[in-house]
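Please keep the sequence and the model at hand while reading.

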Amino acid sequence: YLKSIKTLHSTIGFVPTMGALHQGHLTLMQQSLAENDYTVVSIFVNPTQFNNLEDLSKYPRTLDADISKISHLNSEIILYAPAVDDVYEGEILSQEFDFDGLENQMEGKFRPGHFNGVGTIVKRLFEI
């Protein structure tokens, strides 16, 4: 779809999320709307960011409420909410990245593999 609307000089802003949208997400969307011709918001609970399956299963999934928030903010926002198979094509694996030690800070300190999961999904979303 994006190929059909993108022109040589148009810009597309991208706000990747895992859903359960809050004011911080909406502010990022507003900023993207102000700075770009088009805004795409993804909602995808990325399994490769979780080293604990219980945490993954407990992560809030509020797609209907998220869609409502997005449409109330601006009906022109393009939503991409893929299924896990759409992104990982049956092979849910993280790529390995060199984060120069960052992977041992913040969430990575408590969740081994977290940053590889984040890097993997960001890379995949940009490649779609």
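**Overall fold**

The model is predicted. Its chain contains 7 helices and 3 strands. Read from the N terminus, these elements follow the pattern α-β-α-β-α-α-β-α-α-α. Taken along the principal axes, the C-alpha atoms occupy a box of roughly 40 × 30 × 30 Å.

| Element | Residues |
|---|---|
| Helix 1 | 2-5 |
| Strand 1 | 12-17 |
| Helix 2 | 23-35 |
| Strand 2 | 38-43 |
| Helix 3 | 53-58 |
| Strand 3 | 78-80 |
| Helix 6 | 106-110 |
| Helix 7 | 114-127 |

The 3 strands form an open sheet in the order 1-2-3, and their pairing is parallel. Strand 1 and strand 3 are the edge strands, each of them pairing on one side only. On average, and with direction ignored, neighbouring strands of this sheet are turned by 20° against each other.

Between strand 1 and strand 2, the parallel pairing extends over 6 bridges. Within strand 2, Val41 is the residue that stands opposite Val15. Helix 2 lies across both strand 1 and strand 2, and runs at about 170° to strand 1.

**The largest pocket**

The volume of the largest pocket is about 350 Å³. Which elements give two or more residues to its lining? They are helix 1, strand 1, strand 3 and helix 7. Strand 3 gives the most, contributing 3 residues.

The lining includes Ile78, Leu79 and Tyr80. Also among the lining residues are Tyr1, Leu2, Lys3, Ile12, Phe14 and Val40, and Leu125, Phe126 and Ile128 complete the set. By residue type, the lining of the largest pocket divides into 11 nonpolar, no polar and 1 charged.

The edge strands of the sheet, strand 1 and strand 3, are thus also among the elements that give two or more residues to the lining of this pocket.

Technical notes: Residues are numbered from 1 along each chain as its sequence is written. This is a predicted model: local features need pLDDT of at least 70, side-chain atom pairs count only at pLDDT 80 or more; totals for chains, interfaces and linings use all residues. Side-chain values use heavy atoms; hydrogens and water are left out. On a 1 Å grid over the protein atoms alone, a cavity is a set of points where a 1.4 Å probe fits but cannot get out, and a pocket is an open set with protein on both sides within 12 Å along at least five of seven lines; lining residues have an atom within 4 Å of a point. Grid points are joined across faces, edges and corners, and a volume is the space filled by probe spheres set on the points. Helices (H or I, at least four residues) and strands (E, at least two) are DSSP runs, numbered from the N terminus. Ala, Val, Leu, Ile, Met, Phe, Trp, Tyr, Cys and Pro count as nonpolar, Asp, Glu, Lys and Arg as charged, and the others, Gly among them, as polar. Two strands pair if DSSP finds at least two bridges between them. Axes are lines fitted to C-alpha atoms, for helices over the stretch in contact, and angles run from 0 to 180 degrees between N-to-C directions. Contact means heavy atoms within 4.5 Å.
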